[in-house]
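Subject: Structure handover and findings

Hello,

My notes follow below it.

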Amino acid sequence: MFESIFLVLAVLFSIATMTAVVRGRSIGWFVPLWFLVSLASTELAPWLLASQVGLLIFGAIFGDSGSSGWYWGSVLLSLSALATLGILTRHFDTGKIFERALATALGDDFDSLIPLARRHRLSRQIDSKEWSHPFTFKRAGVRVSADIAYDSGGKRHLLDVYTPVTEGDKRPVLLQIHGGAWLLGHKAEQALPLLHHMANLGWVCVSINYRLSPIATFPDHIIDVKKAIAWVRENIADWGGDPDFIAVTGGSAGGHLASLAALSANYAPWQPGFEDVDTSIQAAMPLYGAYDLSDRYGIRRHTAIDNPILSRVFKTSKEEAPELYERASPISWVSAEAPPFFVVQGVNDSLVWVEEARRFVDDLSAVSDRSVTYAELPGAQHSFETIHSPRTSHFLNAAALWLEWAWADWQLNKPSNPGD
């Protein structure tokens, strides 16, 4: 019996490792399952490797080397453990990728723009005390005020505010928009490492809910995001934030909405009843976002899950309403007036392919007067930073560096009278 269990576990561990190594694309409705297994195997690589080595040791001590089950199980475990070691190596190499991306876009000495009093709190090193607890996100010194209404739509119009426990004012603001294919998700489920990290560094962070499809129909989602921006502009000073500086971030559908909000500032049709409110964004950091729902480059047509999702979001097809899909695509809004962008994308992303991020970055870089930073992470899956791994720790360091740079750059170049 133990031999059979050993072999089955070896096979399962090998399959899990394979999903982390091989890009799972164009596999129809197997994509969501592949994504979930791959995400766990990739971002929990330290624990996967420890389990594989532990099982190998168990087999070496208690197994029968002359038995085919024990033998082939040991072979599979050895190969998958070596592959997992390679995955873990990529985690620790992520810091170099972020450093290169930041230096390429902003210059080698970009961090010299950050005031010394703030720069000394930033780090390029990662701490095992953080990534060794993959599902522990809270930080000392951070206060969370939950379920604040920013509009009258019930639980989908609530937000949470993360603030430092120390008193302060005119602090930079980070607005987080959750993902979930515009169909699901919650403000308290995503970006928790980032929200606690930035609040601990002195930022005021806001995480929002918004209406979801199929009940909601686009542009309801982006209208809600702009309502939240309007709420921040009017109220965030009460929480110590600076209403004149709002950076926006989000992953997946949240990355789409974050990019769209940053590029469509003050677009009146998406601000019904509050057309005169300034909804401009001063910096945008989308993660693995959907940038081209119109599929102008033919990248998305190879996925089997795109049309069933978007038909619930738009209640019509691209063929029936091409202008609606075009307007909903951040890539259609790129312009010289775009704020600074920091785009992060995993190469192994099964749900939003890396080619889409590359196209968006190319098109935005070609016209924007501001910097466009792009970090492409080998081996990273969709939603990689929702688990606190070594890669997530490197991302948090890079995100803090870029956000602090964006705030310092804005302070240096802002008009003497906001709104001028």
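Start with a salt bridge: the side chains of Glu43 and Arg391 meet at 3.0 Å, N to O. The term means a side-chain nitrogen of Lys or Arg within 4 Å of a carboxyl oxygen of Asp or Glu. Glu43 sits in helix 2 and Arg391 in helix 13 (residues 390-413), so this pair links distant parts of the chain, 348 residues apart. Helices (H or I, at least four residues) and strands (E, at least two) are DSSP runs, numbered from the N terminus. Both Glu43 and Arg391 are buried. Buried means under 20% relative accessible area, exposed over 50%, and partly exposed in between (1.4 Å probe, protein chains only).

A word on the source: this is a predicted model, in which local features need pLDDT of at least 70 and side-chain atom pairs count only at pLDDT 80 or more, while totals for chains, interfaces and linings use all residues. Residues are numbered from 1 along each chain as its sequence is written, and side-chain values use heavy atoms, with hydrogens and water left out.

**Other salt bridges**

The count comes to 16 salt bridges. One of them joins Asp242 and Lys170 at 3.8 Å, N to O. Asp242 lies in strand 5 (residues 241-251) and Lys170 in the loop between strand 2 (158-164) and strand 3 (171-177), so the pair ties together parts 72 residues apart in sequence. Asp242 is buried, at 4% relative accessible area. Lys170 is partly exposed, at 48%.

Glu326 forms a salt bridge with Arg296, with the closest N and O atoms 2.3 Å apart. This pair also links distant parts of the chain: Glu326 is in helix 11 (residues 322-327), and Arg296 is in the loop between strand 6 (283-287) and helix 10 (306-314), 30 residues away. Both count as partly exposed, Glu326 at 29% and Arg296 at 37%.

**Arg139**

Arg139 is in the loop between helix 6 (128-131) and strand 1 (142-149). At 17% relative accessibility, Arg139 counts as buried. Its side chain makes a polar contact of 3.3 Å with that of Glu130. That term means a pair of N or O atoms within 3.5 Å; within protein, one must be able to donate a hydrogen and the other to accept it, and residues adjacent in sequence count only if both atoms are side-chain atoms. Leaving out residues up to four places away in sequence, Arg139 touches Glu130, His196, His197, Asn200, His388 and Leu396. Contact means heavy atoms within 4.5 Å.

**Helices**

Helix 1 (residues 2-21) has 20 residues and reaches 28 Å from first C-alpha to last, close to the 28 Å expected at 1.5 Å a residue. The expected span is 1.5 Å times one less than the number of residues. Its buried residues include Phe6, Phe13 and Ala20. They pack against helix 2 (31-43), helix 3 (45-62) and helix 4 (68-106).

**Cores**

The largest nonpolar core has 55 residues; Trp182, Val206, Ile208, Phe218, Phe314 and Phe341 touch the most other members. Apart from it lies another core of 45 residues, among them Met198, Ala283, Leu287 and Trp410. A nonpolar core is a set of buried Ala, Val, Leu, Ile, Met, Phe, Trp, Tyr and Cys residues joined through side-chain atoms within 4.5 Å.

Best regards
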